[in-house]
Amino acid sequence: MTINKSHAIASWLALSMFLAACAAPTAAPQEPKGSTALNGSGATFPQPLYEDWAFAYSQLDPSVLINYAGGGSGQGKTDITKGTVDYAGSDAALSDAEAATKPLVQLPSVAGAVVAIFNIPDVTTTVVLDGQVLGDIYSGKIEKWNDAAIVKLNPKLTFPDLPINVVHRADGSGTSSIFTTYLCAANANWKAAVNPCKGTTVDWPVDKLKRGQGGRGNQGVAAAVQKTSGAIGYVELAYAKNNGIDYAQMINSANKQVDATVASTTAATVGAAFSDRNSADIVNVASADAWPISGFTYLIVAKDFTDCKKAGKLLQFFNWVLTDSAAISRAGKLLYSPLGDDAKAKSLAALKTVTCNGQPVLK
Amino acid sequence: MVTQAVRTTSQERVKLKSTSAQGRRAAINSITLGLTWIATFAAIIPLVWVIGDVISRGLPYMSAEFFTSTFKPLTLGGGGVLHAIVGSAELVGIASLISIPIAILAAIYVSEHRNTTFGLVIRFSTDVMSGLPSIVVGLFVYTFLVSGQGYSAFAGSVALAIMMIPIVLRTTEEMLMLVPRALREGSLGLGATEWKTMILIVLPAAVSGIITGILLAIARVSGEAAPLLLTAQGSNVLSTSLSQPIAALPLTMYKYAIDPSPIRNGQAWAIALVIVVFVLILNLSARALTRNRVKGL
Amino acid sequence: MTSIPASVVRSPSARLGRALAHGDVPYRLITVAASIVLILLVVSFGLMLWITSAPTRTQFGLQSLISSDWNPSGEIFGSLPFVVGTLLTSLVGLAIALPFSLSIAIFLVELCPPRLRGPVGTMVELLAAIPSVVYGLWGLFAFIPAVVKPLGDFLLKLLGTPTNFIYLPFLSGPFFGTSIFASGVILAIMVVPSITAITRDVLLAVPAAQREASFALGATHSETISKVILPYGMSGILGAIILGLGRALGETMAVTMTVGNVSELPTSLLNPGYTMSSVIANEWGEARSLLHSSALLEIGLMLFATSLLLNVLARLLVWSVSRKNPDQRG
């Protein structure tokens with residue numbers, strides 16, 4: 001057993017070179033690199049839009065790097081409360097308890113439609129559902145696709161004798177909150193069977209029947225429905241439309257069959273009654289043109305910043321999002337409903353209340 | 001050598017069969033051994049299948065843009081994963097810088113004090129660390145480095161470093177034990193100090209083994225997503241800052257895998273291809289290095 | 001090879017003098033410091049998890065381990081569904097992996113033509129090199145639709161239907177693909193290499209004399225394997241299985257992507273479920289209330305404690321075999 005000295009030296013050199021390579025700076029960026037990083041997390045409901053906005057805005061102002069990590073409304077609220085992000089998205093408004101933990105400012109950014117997506121073999125034409133049937137599916141009362149209640153709403157379709165796999169969110173979700181708020185309002189059985197009957201996390205009755213499945217984010221729910229024969233799920237309209245997933249039309253509270261569109265979502269936002277914290281529930285509204293499972297999604301920031309440069313850049317971005325015509329048309333293109341004048345005025349007023357070290361950030 | 005002896009014996013046995021009971025035993029023997037062959041090759045199917053799928057589904061999405069562009073929204077075609085490549089390189093690089101010195105120094109200590117109580121405690125701690133579920137490492141680092149300060153590339157690197165330490169430590173220790181004692185004693189006898197003996201004689205003699213350990217450790221953490229989920233968080237932007245959230249290939253892959261968009265799914269397969277090729281190259285070079293080393297002895 | 005510290009060749013006083021003069025003291029201090037960092041890390045893992053999970057312990061006590069009601073919005077945290085889900089997925093994985101791992105180890109040690117030994121061994125080890133998240137992706141898009149779903153449907157029809165002659169409730173439906181069973185099958189692929197590697201080492205440690213004695217008595221090769229070699233290495237193989245269990249218990253990404261994420265007690269292997277590591281991965285980010293995060297940390301503590309215990313047990317078992325035979329091969 002002898003040691004080849006030159007071999008040993010070569011290996012030793014290789015080790016040092018390897019270590020040096022690790023220490024060397026990483027590849028130079030190819031695209032505009034910003035000096036101000038704006039980190040956000042939260043709702044996946046508006047994520048396609050927020051990612052689109054962030055990318056477009058960073059082209060206009062290359063000095064910012066805007067990141068939106070998603071993770072669900074629950075994560076967004078937690079992160080902004082703990083101060084681990086600069087801004088959060090949530091489609092479930094802050095509760096009194098949440099608002100009390102830390103001074104936060106909440107403002108609506110857009111409204112969107114939650115749709116029931118499905119994957120039924122051999123059924124591709126439009127399926128119609130109402131609050132009663134949807135609630136009964138989610139509470140487990142309706143077990144199979146060929147249930148009389150479903151057939152009654154869709155007399156022309158033939159449904160298979162297939163158990164329904166009910167997909168819901170595995171993470172705390174504002175989309176769940178909008179969806180269950182609707183079920184609470186439109187289905188008395190649901191309201192009686194599930195306690196609390198609405199919220200970001202729900203004790204899903206179908207789980208006890210072993211017909212549930214949890215997906216992470218709107219993306220996860222949509223993907224689970226795509227992959228599971230006999231599945232139903234609920235996601236924001238953009239996820240269904242952009243990925244070609246079938247979704248059901250709804251019979252709204254005016255007893256009219258409606259399709260989920262920007263127009264029907266906008267109809268639901270008309271006359272919304274905003275709370276002190278700029279939030280409003282717009283599910284199951286009375287209007288005959290309104291999509292029944294609609295909701296606003298909110299941006300949440302700390303009321304007072306310590307980094308004024310960051311605060312300025314962030315609020316400029318929010319201001320662009322709310323007022324710039326390019327930003328608004330991007331929202332419409334992705335099937336989100338831009339704010340009406342009333343809601344926009346509320347949001348802009350809320351932005352003005354954000355301060356940095358006590359001084360207003362926007363003049 | 002022994003196995004060879006065994007095989008001849010076995011064949012002779014089988015030839016000797018004459019009575020029916022012996023025939024039955026011979027039949028059972030062939031069937032059992034045949035099943036062993038089949039089971040072995042059946043177990044290799046998943047490897048071939050995974051690699052085949054990763055190549056056939058990932059390759060079509062590997063354009064130039066995939067490597068040179070950062071995240072773009074789907075409305076603009078989806079972009080590439082440069083941000084995640086840079087992020088992974090930074091995370092693994094810093095994790096190596098943190099873990100390798102600690103692991104090698106501790107391995108030196110253990111190799112010299114193998115049977116002392118303290119040495120045993122360290123070896124036990126190494127075993128515990130190597131068995132830690134990766135998500136628990138994430139929880140631990142979150143509590144110390146993320147809570148109150150925010151997700152960061154640094155926290156992610158520390159999490160990966162904790163997972164690398166036991167791998168590097170163990171291989172280094174084994175390699176140091178293989179270095180002939182005569183070499184060490186010769187150096188000390190010629191008047192070299194202990195640390196000079198270690199750095200100039202013992203470590204160089206073990207270096208290919210140590211590199212093997214480092215390569216295996218890097219391969220292991222390059223594909224880790226769970227601890228990064230709680231520490232580096234992932235990001236859509238190209239960032240190299242240690243104090244900001246950072247993208248990583250496994251995180252981006254996870255995100256794209258559970259996305260309904262076929263483009264994102266395809267990108268997830270392409271990322272899987274990048275990771276698998278990288279990890280397999282590291283593993284195979286690690287094996288090649290050790291093989292030469294063993295031959296050299 | 002046992003090691004005697006290199007310094008015993010010199011007298012203590014000479015050693016000290018030399019050490020001080022030539023930098024050996026800083027050298028030793030640095031190596032000791034690195035070792036202490038390591039021990040501190042492990043100790044602080046345990047301490048941190050113990051301290052931060054205290055709120056759940058004081059609030060629910062043992063109830064949090066035996067209750068199956070997990071409802072974050074109602075601040076109720078019973079982690080039994082996750083414990084059961086983790087155990088079931090891991091046991092399914094082990095049950096499937098074990099025959100394959102044993103076969104491969106036997107094949108490599110006893111049967112493999114020398115030319116194939118390298119490639120087959122390498123391929124099995126490469127199975128372990130593929131990251132969890134890649135297995136998750138592959139499981140989700142390729143393996144579950146092609147193998148697990150048809151296999152599960154078949155089992156359900158054959159054994160899981162109450163009207164059948166043979167009815168096994170733990171294979172009853174409904175079955176939609178993502179399930180305890182699906183995660184178990186993927187875990188099986190992931191733990192095969194770790195069980196195989198250790199079993200192979202254990203089999204290599206069986207003395208040649210044992211084997212040759214068995215052949216000399218007229219045993220066939222398969223009899224020698226099943227009656228002499230496997231029993232001799234039994235405790236070591238048990239150790240390998242336990243290490244495989246440890247790996248399966250902590251696996252996160254592949255399981256999260258395939259288990260279904262439903263926090264109810266499963267009654268059938270074809271049911272969706274949840275595991276300890278996947279509930280941490282899914283809920284940690286949003287856990288805001290002290291109780292919710294400490295409940296997740298308690299689950300983390302259980303994972304930590306279990307992996308520690310399994311590790312100790314496995315090492316002892318493997319060690320007991322290699323100790324039996326001082327002149328082991330390999």
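In the predicted model, B:Gln233 counts as buried, with 30 C-beta neighbours inside 10 Å. B:Gln233 is not a glycine, yet its phi is positive, at about 70°. The residue B:Gln233 sits in the loop that runs between helix H10 (226-229) and helix H11 (249-257) of chain B. A positive phi of about 65° is also found at A:Lys210, again not a glycine. A:Lys210 is placed in the loop between H9 and strand S7 (212-215) of chain A, and is buried, having 27 other C-beta atoms within 10 Å. Most residues other than glycine have a negative phi, and most peptide bonds are trans.

Cis peptide bonds occur in chains A and C. The bond from A:Asn195 to A:Pro196 is cis, with omega near -5°; A:Pro196 belongs to the loop between helix H8 (188-193) and helix H9 (205-208) of chain A. The bond from C:Gly173 to C:Pro174 is likewise cis, with omega near -5°, and C:Pro174 is located in the loop between helix H7 (132-159) and helix H8 (180-204) of chain C.

Chain B is assigned domain 1 (15-61) and domain 2 (64-296). The centres of these domains, taken over C-alpha atoms, are 35 Å apart. Their contact involves 8 residues from domain 1 of chain B and 8 residues from domain 2 of chain B. On the domain 1 side, these residues comprise 6 nonpolar, 1 polar and 1 charged.

Between chains C and B, the contact takes 75 residues from chain C and 78 residues from chain B. Helix H2 (residues 24-52) of chain C supplies the largest share of the chain C side, 15 residues. The composition of that side of chain C is 49 nonpolar, 21 polar and 5 charged residues.

Notes. Residues are numbered from 1 along each chain as its sequence is written. Chains are lettered from A and ligands numbered from 1 in the order in which they are written. This is a predicted model: local features need pLDDT of at least 70, side-chain atom pairs count only at pLDDT 80 or more; totals for chains, interfaces and linings use all residues. Domain bounds come from an automatic or database domain assignment. Two residues are in contact if their C-beta atoms, placed from the backbone, lie within 7 Å. Ala, Val, Leu, Ile, Met, Phe, Trp, Tyr, Cys and Pro count as nonpolar, Asp, Glu, Lys and Arg as charged, and the others, Gly among them, as polar. Helices (H or I, at least four residues) and strands (E, at least two) are DSSP runs, numbered from the N terminus. A residue is buried if 20 or more other C-beta atoms lie within 10 Å of its own, exposed if 12 or fewer, and partly exposed in between; C-beta atoms are placed from the backbone.
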